Amino acid sequence: MKTNFMPWKTIMLGGLMLMATNALAEKSSMTMGEKMFMDPHLSGSTNANSCNSCHAQGQGLAGAATNPDLGQAINNCLMANMGGHKMDGRSAEMRSMKMYVMAMVTHQ
Ligand code: HEC
């Protein structure tokens, strides 16, 4: 008997949707942001500093919440204080870093 019900198609579609959801979820995260914040080798950094060297527990970041261009501020520090390369504003890295910085500032 021929039927239009094809469970394998449903299963495959479900699998694809799950994969897509996971991929999106992996794009940016607090965990990634925290790891980056502590990393002295972040984005090609050429000195021993991590963000945490100067901003432990959110020190000096109070203005971040109202900073009109947080990404720019982060990149300034990354380049001027760590000798690193700036990060793309839309990258998962930058979004994770912003997420982590904002969490530190708003949870103080
Ligand atoms: C060598 C010390 C040093 C390092 C390393 C450093 N910063 Fe900074 N950061 C500062 C200082 C000093 C200021 C305030 C003066 C200024 O704006 O340059 C600042 C300002 C900022 C601001 C703006 C805060 C506001 O009030 O608007 C942000 C956001 C920030 N840093 C994030 C970071 C991040 C993220 C990293 C790591 C990629 C980092 N900083 C690395 C010293 C540092």
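In which helix is the place of Ile74? Please go on from there to the surroundings.

Author: The model shown here is a predicted one. Ile74 has its place in helix α4, which covers residues 70-82. Ile74 has 24 C-beta neighbours inside 10 Å, and because a residue with 20 or more is classed as buried, Ile74 counts as buried.

Next come the partners of Ile74. Leaving aside residues up to four places away in sequence, Ile74 touches Met94 and Met97. Met94 lies 20 residues from Ile74 along the chain, and the C-alpha atoms of the two are separated by 8.5 Å.

Leu78 has contacts of its own: not counting residues up to four places away in sequence, Leu78 touches Leu42, Ser43, Gly84, Lys86 and Met87.

Ser43, one of the residues touched by Leu78, is in the loop between α2 and α3. Ser43 has 19 C-beta neighbours inside 10 Å and counts as partly exposed. The phi of Ser43 is near 45°, which is positive although the residue is not glycine. Most residues other than glycine have a negative phi. Gln57 also has a positive phi, near 55°, and is likewise a residue other than glycine. Gln57 sits in the loop between α3 and α4. With 8 C-beta neighbours inside 10 Å, Gln57 counts as exposed.

Back to helix α4, this time for the ligand. The ligand is surrounded by 21 residues, and the closest are Cys51, Cys54, Gly63, Cys77 and Asn81. At least two residues of this shell come from each of α3 (51-55), α4 and α5 (92-106). Helix α4 gives the most to the shell, with 7 residues. Sorted by class, the shell around the ligand has 14 nonpolar and 7 polar residues, and no charged ones.

Helix α5 has another partner to consider. Two packed helices are described by the angle between their axes and the distance between the axes. For helix α2 (residues 30-38) and α5, the angle is about 85° and the axes are 7 Å apart. An angle from 65 to 115 degrees counts as roughly perpendicular, so α2 and α5 are roughly perpendicular to each other. On the α2 side, the residues that meet α5 are Met30, Met32, Gly33, Glu34, Met36 and Phe37. On the α5 side, they are Ala92, Glu93, Ser96, Met97, Met99, Tyr100 and Ala103. The residues of this contact divide into 9 nonpolar, 2 polar and 2 charged.

Last, the whole chain. The protein chain has 5 helices and 0 strands, and its pattern along the sequence is α-α-α-α-α. Of the 108 residues in the protein chain, 17% are buried. Among contacts between residues at least 6 apart in sequence, 66% join residues at least 24 apart.

Technical notes
Residues are numbered from 1 along each chain as its sequence is written. This is a predicted model: local features need pLDDT of at least 70, side-chain atom pairs count only at pLDDT 80 or more; totals for chains, interfaces and linings use all residues. Helices (H or I, at least four residues) and strands (E, at least two) are DSSP runs, numbered from the N terminus. A residue is buried if 20 or more other C-beta atoms lie within 10 Å of its own, exposed if 12 or fewer, and partly exposed in between; C-beta atoms are placed from the backbone. Two residues are in contact if their C-beta atoms, placed from the backbone, lie within 7 Å. A residue is near a molecule or strand if its C-beta atom, placed from the backbone, lies within 6 Å of it. Ala, Val, Leu, Ile, Met, Phe, Trp, Tyr, Cys and Pro count as nonpolar, Asp, Glu, Lys and Arg as charged, and the others, Gly among them, as polar. Axes are lines fitted to C-alpha atoms, for helices over the stretch in contact, and angles run from 0 to 180 degrees between N-to-C directions. Angles under 35 degrees count as roughly parallel, over 145 as roughly antiparallel, 65 to 115 as roughly perpendicular and the rest as oblique.
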